[in-house]
Amino acid sequence: MGEQAVTGAGGTPAPEQTPDATGEDAAAATGSAPAGPTTAGMTADGAAGTTTGVPGAGMAADAEGTSTAATERTADVVPGPGGVMTDEVGVVTGELTLRTGYADGQVTLTVQYKDADEWYTVTGGRVALADPAGLDAVHAVAVALLHRPEG
């Protein structure tokens with residue numbers, strides 16, 4: 001395989017250059033304060049974003065796809081005697097997976113037998129939640145209430 005060379009605008013190899021002074025070196029040369037941190041200037045979809053002196057500025061999430069990481073949490077639970085009542089099949093017992101999901105301003109608790117395909121809605125397991133930032137707290141409470149391996 002042949003060698004690759006970085007070329008300039010005219011197709012000829014670009015001459016080696018020393019980088020411009022930045023940060024503290026530039027500040028020392030100009031007598032000004034060093035520049036603050038900047039971002040890489042990329043959005044989540046890889047497009048170029050704007051850069052500013054604010055860390056994280058210029059970053060944007062891809063609005064087309066919805067990440068389930070932000071809208072649901074799961075945990076394995078073993079309910080106490082009596083199991084968990086569901087709307088679809090009644091009581092389920094044994095090793096279960098609890099899913100706390102958020103959509104359209106509402107949290108819904110569902111369970112499934114561990115490693116199964118079907119999910120069942122926990123009876124009474126729906127509540128309005130104005131701020132999705134509260135999903136972790138709701139999930140933690142649900143796990144604490146349902147996970148009773150010793151009865």
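Is T86 buried or exposed?

1. T86 counts as buried because its relative accessibility is 3%; buried means under 20% relative accessible area, exposed over 50%, and partly exposed in between, with a 1.4 Å probe and protein chains only. Please keep in mind that this is a predicted model, where local features need pLDDT of at least 70, side-chain atom pairs count only at pLDDT 80 or more, and totals for chains, interfaces and linings use all residues. Residues are numbered from 1 along each chain as its sequence is written, and side-chain values use heavy atoms, leaving out hydrogens and water.

2. You will find T86 in strand β2, residues 84-86 (strands are DSSP runs of E, at least two residues, and helices are runs of H or I, at least four, numbered from the N terminus). The T86 side chain reaches the backbone oxygen of G90 at 2.7 Å. Beyond neighbours within four places in sequence, T86 is in contact (heavy atoms within 4.5 Å) with residues including V92, V111 and T121.

3. T121 belongs to strand β6, residues 120-128. T121 is also buried, because its relative accessibility is 8%. Among the residues that T121 touches, not counting those up to four places away in sequence, are T86, L109 and R126.

4. Of its 13 residues, V84, V92, L98 and V111 touch the most other members. Two or more residues each come from β1 (72-77), β4 (96-103), β5 (106-113), β6 and α2 (135-146). The largest share, 3 residues, is from α2.

Key: Polar contact = N/O pair within 3.5 Å; in protein donor to acceptor, adjacent residues only side chain to side chain. Core = buried A, V, L, I, M, F, W, Y, C linked by side-chain atoms within 4.5 Å.
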